[in-house]
Amino acid sequence: MLRLRRRFHPKRRLHASSSSTAGSISDLEDRVIMTPSLIDLNQVYRQTNQENLEQAFNVAERELGVTRLLDPEDVDVPHPDEKSIITYVSSLYDAMPRVPNVQDGIKANELELRWQEYYEVVTMLLQWIRHHILVFEERKFPNSYEEVEVLWRQFLKFKETELPAKEADKNRSKHIFKSFEGAVQAGQVKVPPGYHPFDVEKEWGRLHVAILERERLLRMEFERLERLQRIVSKVQMESGVCEEQLNQVETLLQMDVRMMNSGKPAQHIAEVEADLEKAEGMIRFLFNDVQLLKDGRHLQAEQMYRRVYRLHERLVNIRSEYNLRLKSGVTTAQIPATQMPMTQIPMTQVHTAQVLQQSSSRVHPELDEVTLRYVHDLLGWVEENQRRVDEGEWGSDLPNVETQLGSHRGLHQSVEEFRSKIERAKADESQISPASKAAYCEYVGKLELQYGKLLKASKARLRYLVELHAFVSAATKELMWLNEKEEEEVNYDWSERNSNMASKKECYSGLMRELELREKKVNGVQATGDKLLRDGHPARQTIEAFTAALQTQWSWLLQLCCCIETHLKENTAYFQFFTDVKEAEEKMKKMQEVMKRKYTCDRSITVTRLEDLLQDAADEKEQLAEFKTHLEGLKRRAKMVVQLKPRNPASAIKGKLPIQAVCDFKQMEITVHRGDECALLDNSQPFKWRVLNDQGSESSVPSICFLVSPTNKDAVNSVAGLDGNLQRLQTMWQMMFVDLKSMLSWQYLMRDIHIINSWNITMFKTLRVEEYRLALRNLEQHYQDFLRDSQDSQMFGAEDRMQVESNYNRANHHYQTMVSSAEQGFVLPRAGEQDESVCKTYLTKIKDLRLRLEGCENRTVTRLRQPVDKEPLKACAMKTAEQMKVQSELEGLKKDLSSIAEKTEEVLASPQQSSSAPMLRSELDITLKKMEHVYGLSIVYLDKLKTIDVMIRNTEEAEDSLKNYETRLQDVSKVPADEKEVEDQRSQLKTTRGEAEADQAVFDRLQDELRRATAISDKMTRIHSERDTEVDHYRQLVSGLLERWQALFTQMDLRLRELDLLGRRMRSYRESYESLIRWLGEARQRQEKIQSVPIGDGKALGDQLAEEKKLLEEIEKNKMEVESCQKNAKAYIDSVKDYELLVLTYRALQDPMASPLKKPRMECASDNIIQEVCIHSSSSTIHTSDGWMDGWMDGWMDE
């Protein structure tokens, strides 16, 4: 590298005049070592010094982007310019890649360890969360109370121990992420999708929802099984009590039977009867409890049912024995074996009973009553269960359908088992006496017929329930999937925090693929439901509900797909816009750095280099023009960028934010259609917004249904910032360009001065006349160029210009001396010439005055262009004070210019004119015109400010007055309910209108001031050709105030007209209503009096009928009056509603974005009137009562 360094410099050595320069070049060597492919060292040794330098500069500019600031001939000299060398080496130093130091390596290693720790913690946490979400989404629970109790205890243990530990892991992961969040934002660490703390919080929220749902379901199941367990305990206990009761009855019954067999009367008949009734009631309640166990699908339901059923059969047998033995007085020997319980027939008596069966049945007809009662009980059981089958519900959801199916399966089993009892009843037919046999056969036939219908109905219900269960199960499964997808899409993060557009598009593509696959299943379920409906399934309501729910949920998911497409489009535009803005900022920053580095120069720079830089600057100007076109495109795009920050709850909104619906949404509280403009009231919930629609309804709506409408202030501000940066960049370019031009002019001038000053008399005489005259013309031209270019240059101040002027004058004097000496020694100036220095002095003073004038003009124009301030009166006063200072300065400049103009005219009036006289005349005329223009503009602007001050005050006065009257009209919260209130409101409106007419003078003055301000603005526009935005603002403001003032008078006139109409219709309604109310009261009293008279004979009935017919005739006569009253009431209600609508419409127009809940509500009088108008109903009631009386009388006469 040392050889390379020496090779670059003449004589193979690099001479540094300071230690800092040598250190910088040593650093440069270290940087070049890092990129050895840039230079071919073998070629370096074969090239000359200038060739090596040329190659080095080209490689640095091409490969490293370092602007070429030096030429080989500038460096290949014994003593190169030190500052230029240091500037170029600094550019190389900045462009070279940096070698990471040890400290950076330590930070990178620590960052890697923290990221690895965060990744492991979040991975384990997400796996744990998703596993438990799947576990908690399980909806099936064991039927055992003990198993559910175990689940409940495990769930409580999970909440108390495992959940807090995992929450601590989540908080630890957030803390770890904060430690390297800066590296994530800088792009050093890329977080995979789903691993951001926001994503972890989202999954944690899903887990929390699943925990709450699991707790609710477990608690419900636990409480349900606990209730059923109490019922089981109750059935067991009461079954035991009932069994003891039946044992006691059997004991008493046997005692009485033995006493009757011994010829003694029974002593416990009443006690047995009471115990049987008590046992029957207990068994009835036990059957109800068993049915509850069956409905709840309890494990012991069937066992409890069999136990209670055995008790019921035992009760039936005991009651049959009681009726046979005690109530009919039959002994044991007289009872047929078929009617006697098998448990009570001794085996030794069976044959005897069969032998005596026929004779005993003939001798004892009371046996027929017992057998008939038994068949009657069976028939009652069949009819009761037929009623249960016919009136059974089908269920509205899957758990209810499963409950109904399980319950009916048990019932169907009981129905099938009931066949044995019918067979037993048919077997008893042979025991019936001939007298009762026909009735018995009729009962048995009816029993068989009813049982057949019951069995058929039970089988049909069972089949329908199985079909319904299959359909509801499939529909519930699809609905759960649709609900999960809905929840997933509704809860998707569309805010600015989620900038991964690739992941968003992939998720949407996955959703569409899943929908295509799921559509077949949903259509299959819909087809099944349609088939069941066509087949006449009795659960039509449930099937239609599930079919409608599927259709609704599917349509809603398709609506969400439309929302997602819109959000994808808008999010893509949003993030692409801000990416383009960031790229533009970086490009401008780079351009600024390049311009500062490239165009910074001093007076030691060469003319050739300056000419190259000026050419590059012209190219830079074209790039700035292209960039400005690009910026205009960004401005147009900024107006269309939506807002994403309001989707983040951390960015709380203030007031109401306009939003636009991107799909249709309908629920009970609110209805929104696609494209509707709504207002966002609360965004504290990220996925549920509190929204106010255009009809004034307010409710919570999923945020995915809306776009936050442009304009995005961040987008506009970012482009505005770019615009400001571009203006500063253009200003910097302009300043640097002026500096370069002034430097080039100075270089040309110094070269001319140096050439002229280097002449001596000998050299001058060798020159031709054309050569030295050309040198003088070049001197004059370059001096004028320098004066023009250095006016705004920062490199040349007033002292520099005076020094240049002095050098120019000396060079000019030297030239004149040479000319005189060459001709004849020293001669007087030629006729017509004058002292050039006097012209130059006045020219300089005039130019200085013009610069000060331009400063005053710039300050005035800047104030003219300032937008309207939030506090216009204060801002106007400040502008007036500042402009008065400018006006005072202009007065002084005007006096100075008048004095200089007089002296300049004297110089220009001299017969001897110098070469600078035309320029002096031109500068004087331009400056005088500039003074006239700036002075006139300042005077007109001061007049305008005074007029604006008066207009602001008048506008505020008019605004206060207008708001006062508008508030009075808005504060009307009640429609007048009687004539006094109507008259009071009319009087208030007339008073308000009179006061408003008196305040008309305020608005007349406002219009006069506006006309005056417009005239001054037109005058100022003729002087300064720019549109006066401030006057335009107040013109619009005054126009809006006048429109509101006219609307105020229109509203008062409309209300007066509506109140007059309302009063007339109120009087018409009240007159007809009151007369009919009196007649109705009298009619009711007469009707009650007629109906209170008892009917003892035909004459009384005829009198009562005559009175009723007379009352009916009166009703018919008053029917026209009732209809007239109803018409008056309708007209009155219409007037009330029209007045309410007029008031509410005006209130809504005054405050269109106010929430309906926060607006004062109108006390609606129309509802009260509707409640009053019940005359027709009352007369109909009287008419109905009379009709009932006529029908009753006709029936009584027929009897």
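Visitor: Does Glu-544 count as buried, partly exposed or exposed at 36% relative accessibility?

Guide: The model is predicted, and local features need pLDDT of at least 70, side-chain atom pairs count only at pLDDT 80 or more, and totals for chains, interfaces and linings use all residues. Residues are numbered from 1 along each chain as its sequence is written, and side-chain values use heavy atoms, with hydrogens and water left out. Buried means under 20% relative accessible area and exposed over 50%, with partly exposed in between (1.4 Å probe, protein chains only). At 36% relative accessibility, Glu-544 therefore counts as partly exposed.

Visitor: Which residue forms a salt bridge with Glu-544?

Guide: A salt bridge is a side-chain nitrogen of Lys or Arg within 4 Å of a carboxyl oxygen of Asp or Glu. The closest N and O atoms of the pair are 2.9 Å apart, and the residue bridged to Glu-544 is Arg-540.

Visitor: How far apart are the C-alpha atoms of Thr-542 and Gly-529?

Guide: Thr-542 is also found in helix α20, where helices (H or I, at least four residues) and strands (E, at least two) are DSSP runs numbered from the N terminus. Thr-542 counts as buried because its relative accessibility is 11%. Thr-542 and Gly-529 are 13 residues apart along the chain, and their C-alpha atoms are separated by 9.9 Å.

Visitor: How is helix α19 oriented relative to α20, roughly parallel or roughly antiparallel?

Guide: Axes are lines fitted to C-alpha atoms, for helices over the stretch in contact, and angles run from 0 to 180 degrees between N-to-C directions. Angles under 35 degrees count as roughly parallel, over 145 as roughly antiparallel, 65 to 115 as roughly perpendicular and the rest as oblique. The axes of helix α19 (residues 501-534) and α20 come within 11 Å and cross at roughly 165 degrees. The orientation of α19 to α20 is therefore roughly antiparallel.

Visitor: How many charged residues does the contact of α19 with α20 have?

Guide: The crossing in which α19 passes α20 is left-handed, meaning that the near helix is turned anticlockwise from the far one by less than a right angle (right-handed if clockwise). Ala, Val, Leu, Ile, Met, Phe, Trp, Tyr, Cys and Pro count as nonpolar, Asp, Glu, Lys and Arg as charged, and the others, Gly among them, as polar. In the contact of α19 with α20, 17 residues are nonpolar and six are polar, while the charged residues number eight.

Visitor: How many nonpolar residues does the contact of α18 with α20 have?

Guide: Helix α18 (residues 434-490) packs with α20 at an angle of about 20 degrees, with the axes 10 Å apart. That angle makes α18 roughly parallel to α20, and α18 passes α20 in a left-handed crossing. The contact of α18 with α20 has five polar and four charged residues, whereas the nonpolar residues number 17.

Visitor: How many nonpolar residues are in the contact of α27 with α28?

Guide: Helix α27 (residues 872-908) and helix α28 (residues 917-970) pack at about 160 degrees, with their axes 9 Å apart. That angle makes α27 roughly antiparallel to α28, and their crossing is left-handed. Besides six polar and seven charged residues, the contact of α27 with α28 has nonpolar residues numbering 22.

Visitor: How far apart are the end C-alpha atoms of residues 607-637?

Guide: An unreviewed UniProt entry places the feature "coiled-coil region" at residues 607-637 and 1098-1128; positions follow the numbering used here, feature names are shortened, and annotations may be inferred rather than shown by experiment. In the model, the span 607-637 is 100% helix and 0% strand, and its end C-alpha atoms are separated by 45 Å.

Visitor: Which residue forms a salt bridge with Lys-635?

Guide: Lys-635 counts as partly exposed because its relative accessibility is 26%. The closest N and O atoms of its salt bridge are 2.8 Å apart, and the partner is Asp-723. The pair links distant parts of the chain, 88 residues apart, with Lys-635 in helix α21 (residues 607-638) and, in helix α22 (residues 713-757), Asp-723.
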